[in-house]
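Please look over the sequence and the model first, then read the notes by topic.

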Amino acid sequence: MTSAPADLPRKAGELRAAGYLSRTIKAEIRDNLLTKLRAGDDPWPGIVGFSRTVVPQLERALLAGHDVVLLGERGQGKTRLLRTLIGLLDEWTPVIEGAELPEHPLDPITPASKRRAAELGDDLPVTWLHRDLRYAEKLATPDTSVGDLIGDVDPVKVAEGRSLGDPETIHFGLVPRAHRGIVAINELPDLAERIQVALLNVMEERDIQVRGYTLRLPLDVLLVATANPEDYTNRGRIITPLKDRFGAEVRTHYPLDVDAEVDVVRQEAHLTAEVGEPLLEVLARFVRHLRESTAIDQRSGVSARFAVAAAETVAAAALRRSAITGEEPAVARPVDLDAVPAVLRGKLEFEPGEEGRETELLEYLLRRSVADTARERFAGLDLTPLANAVAEGHLVTTGERIPGRDVLSALPELPVLHDVAARAGVDPDDSPGRIAAAVELALEALYLSKRLAKDADDDTTVYGA
C-alpha cells in the first residue's frame, strides 16, 4: 500500500473548500458499484461460478443499502466474496488525524473529536485512510465478548481521574473502530446469543451500550456476515431479532459445472508441479460425485478446498517422482491420483454405518471420475490400436518411480497416440511426461471399460491383456 497522494487536503478548511462531499458507507459502495457496472468492469475479481446466481443477488442487496448475510456450506467462497467488497470503497478517504475512530473531519461523532473540531475549526488536521484499512473481519467464536465487538470501560482512562460515567472512558471495540467501513463477521451463529443481542442497537438505533450507560454514536458501518445452514441446528443460530435486521440473506453454492470447479482449483491451488487440464477435470468430477453421494454427510458439505487440496497432493506426487527419477519438467500423471484418497479421507464427514468403507468408497468414485473424463476427452476416438498393441505383448508399466519416457518406450509408434495427446491438449512433440500423462489416461479408460487388465501393487501398475 502506497502513501496517500501529496495533493490531497490536509486541513478541514481545505477539505471543505475542495467541495469534498461526505457519503455514507452504503452510498459510497452503491455509487462505486454502479460506476463499475456501467463501465463493464468486473466488481468481483477472482469470484468464480457466481456470476448468474449469487453475484446479482448481492449486487441488488448492496444497491438497496442492506446489511447482508451469506448463507452456505463450508468452502463455498463466502469469505472471499466478502473481501472483494474492499474494491467497492474509495481508494482514499479523509479522517481526523489522531482521532480514536476514523471520523470524517467535517462530521465528528465522538465527544473528543467534536471538542477538537470546535477548538481548531478549519485547522483541524486531516489524514487519509486507504480502503484496505476500512475492512474489519472477525471470526465469531464462543469466547467472543461484548468488549471485543462493541467496547468496554478502559481502566487506564478511569485511573487517569475521569469519571466512570464519562463516555471518554470507553475503549471501543471492533464495530465502532470500523466506522465508515465494512464489518465482516464470519460464522455469525457461533456468537453467543447475548453477544448477538449487543449488535441489535448497533444495526438499528446506532447506540453503544457499555456497562450500564449509553453513548449515542451515529455509527456508519456496513455489516456483513457468513453462516452455515448446519449451524442453525448444530452449534448455534442467528437470533430472530438480529436476523430480521439484516436486509438480505444470500444463498451461496458450490460450482454448478465442471468447468467452474476447474477454474476454482486452477485459481486457488498452489501447484508444485504441472497438473494438466484432464487431471483437474478428474478431480472436479470427483468432488461433484462426493457431493452427490449418500455415504457422505452432505450437511457438512464437501468444500471447494477439498478439490484444491487434491490438486496440490497430485502435484506433490509428481514432484516427488521428478526428484527420484530426474525427469523434468515435473508433470502429474493419472497414477498420481492414487495418493488422493488416503491423504484426504480425513477432510470428509461420512454417514454413520460407513466405517471401514471410506477408502473403498473414495477409490470407487475416483475411478468413476476418471472414466467420465476419459469418455468425454476421447469421445469418437478409436482406441482399439492401443488396446491391440498392449494385448500383443507391449505391456506398459507405470508408477511413482517410473518416468514418462519409460511409459512411452513400452509402446510401438502408433498414430492413435498422437490423437490421444491432442485430445488431452498436449502437442505430440511435447515432453515425454506430458505425453505419458495423456497415454496413461487412455490406458486407464481401456481398463475401466474392461478392454485391458491392470495389475497394481504398492509401487507399480502394469497394463496388460
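Is E28 buried or exposed? At 4% relative accessibility, E28 counts as buried, where buried means under 20% relative accessible area, exposed over 50% and partly exposed in between (1.4 Å probe, protein chains only). The model is predicted: local features need pLDDT of at least 70, side-chain atom pairs count only at pLDDT 80 or more, and totals for chains, interfaces and linings use all residues. Residues are numbered from 1 along each chain as its sequence is written, and side-chain values use heavy atoms, with hydrogens and water left out.

Helices (H or I, at least four residues) and strands (E, at least two) are DSSP runs, numbered from the N terminus.

**Nonpolar cores**

- A nonpolar core is a set of buried Ala, Val, Leu, Ile, Met, Phe, Trp, Tyr and Cys residues joined through side-chain atoms within 4.5 Å.
- The largest nonpolar core has 68 residues, and L290 and L386 touch the most other members.
- The elements that give two or more residues to this core are α11 (258-268), α12 (277-292), α13 (304-325), α14 (339-344), α15 (358-377), α16 (384-391), α18 (415-423) and α19 (432-448).
- Apart from this core lies another, of 31 residues, with I109, F172, L188 and L217 among them.

- Contact means heavy atoms within 4.5 Å.
- With neighbours within four places in sequence left aside, L290 is in contact with I296, Q298, V302, F306, L348, L362 and L365.
- R291 has its place in helix α12 and, at 14% relative accessibility, counts as buried.
- Leaving aside neighbours within four places in sequence, R291 is in contact with Y254, P255, E261, Q298, V302, S303 and A304.

**Strands and sheet**

- Strands of a sheet pair through backbone hydrogen bonds, either parallel or antiparallel.
- Two strands count as paired if DSSP finds at least two bridges between them.
- Strand β2 (residues 92-96) pairs with β3 in the antiparallel sense over five bridges, and L129 in β3 is the bridge partner of T93.
- Strand β3 (residues 126-130) is mostly covered, with four of its five residues buried.
- An open sheet is formed by three strands in the order β12-β14-β13, with antiparallel pairing.
- Its edge strands are β12 (396-399) and β13 (453-456), each of which pairs on one side only.
- From one strand to the next, the twist averages 20 degrees; axes are lines fitted to C-alpha atoms, for helices over the stretch in contact, and angles run from 0 to 180 degrees between N-to-C directions.
- β12 and strand β14 (residues 460-464) pair in the antiparallel sense over four bridges, and T397 stands opposite V462 in β14.

**Salt bridges**

- A salt bridge is a side-chain nitrogen of Lys or Arg within 4 Å of a carboxyl oxygen of Asp or Glu.
- The whole structure holds 22 salt bridges.
- In one of them, R23 pairs with D90, and the closest N and O atoms are 2.5 Å apart.
- R23 lies in the loop between α1 (12-17) and α2 (25-39) and D90 in the loop between α4 (78-83) and β2, so the pair ties together parts that are 67 residues apart in sequence.
- R23 is partly exposed at 31% relative accessibility, whereas D90 is buried at 15%.
- R134 forms a salt bridge with E28, the closest N and O atoms being 2.9 Å apart.
- This pair links distant parts of the chain, with R134 in the loop between β3 and β4 (135-139) and E28 in helix α2, 106 residues apart.
- R134 counts as buried, at 5% relative accessibility.
- D372 and R375 meet through their side chains in a salt bridge (3.0 Å, N to O).
- D372 and R375 are three residues apart in helix α15 and are therefore separated by about one helical turn.
- D372 is partly exposed at 22% relative accessibility, and R375 is exposed at 53%.
- A network of salt bridges links E281, R285, E376 and R377.

**Aromatic pairs**

- Rings of Phe, Tyr and Trp (its six-membered ring) pair if their centres lie within 6.5 Å; planes under 30 degrees apart count as stacked, over 60 as edge-to-face and the rest as tilted.
- The whole structure contains two aromatic pairs.
- The rings of Y20 and W128 have centres 5.9 Å apart and planes at 80 degrees, so this pair is edge-to-face.
- Y20 lies in the loop between α1 and α2 and W128 in strand β3, so the pair ties together parts that are 108 residues apart in sequence.
- Y20 is partly exposed, with a relative accessible area of 26%, whereas W128 is buried at 9%.
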